[in-house]
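Visitor: I'd like to know where the labels on this one come from. Can you take me through them?

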Amino acid sequence: MKTLLLLRHAKSDWSDPWLDDSDRPLAPRGKASAPVMGRYLKDKGLVPDLVLCSTARRAQETWDLVAPELAADPAPEIRLRKGLYAASSPALLAYLRRLPANAACVMLIGHNPEMEDLAHRLAGGGKAKALRRLAEKFPTAALAELRFEEDAWAEIGEGDGTLRRFVRPRDLN
């Protein structure tokens, strides 16, 4: 069994119009919501073995605020990947399929619309409430948990996942 945690980066700051998109930091709202999601993950026992994180500043800052809340020992392996920024959902799935089989729980921290598309492609079913929320929107700092019966990441495909939960920061306030 495999667990995939799709975490969209927290709300970014748009106040500097000259800043390159990949260099945008988190906004105050993002800085507040990321640790909340980290605590939620810990409370639910959703601590990843491996974290794949976009190199965009806002994605890395999201992880930097989530990680201390997990208080994981040992800490998850973190892989920063430039290719996760603006990768299509088929490219993200191809990347997931190359993961080591010993990683039982993987977190992907990335961007929309790719994260939302990936969640829709992978979820072949799941809890009605989670599916309804996912159908509405995949807002910043939202989390989708997908479970797969497959033993290896190489075996997962479209529609193979079960959406166990879809949580938005506003759901935790």
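Guide: Helices (H or I, at least four residues) and strands (E, at least two) are DSSP runs, numbered from the N terminus. Leu19 sits in the loop between strand 1 (2–8) and helix 1 (28–43). Residues are numbered from 1 along each chain as its sequence is written, and side-chain values use heavy atoms, with hydrogens and water left out. This is a predicted model: local features need pLDDT of at least 70, side-chain atom pairs count only at pLDDT 80 or more, and totals for chains, interfaces and linings use all residues.

Visitor: Why is Leu19 called partly exposed?

Guide: Buried means under 20% relative accessible area and exposed over 50%, with partly exposed in between (1.4 Å probe, protein chains only). Leu19 has 30%, so partly exposed it is.

Visitor: What makes helix 3 roughly perpendicular to helix 4?

Guide: The axes of helix 3 (residues 89–97) and helix 4 cross at roughly 65° and come within 8 Å. Axes are lines fitted to C-alpha atoms, for helices over the stretch in contact, with angles from 0 to 180 degrees between N-to-C directions. Angles under 35 degrees count as roughly parallel, over 145 as roughly antiparallel, 65 to 115 as roughly perpendicular and the rest as oblique, so this pair is roughly perpendicular.
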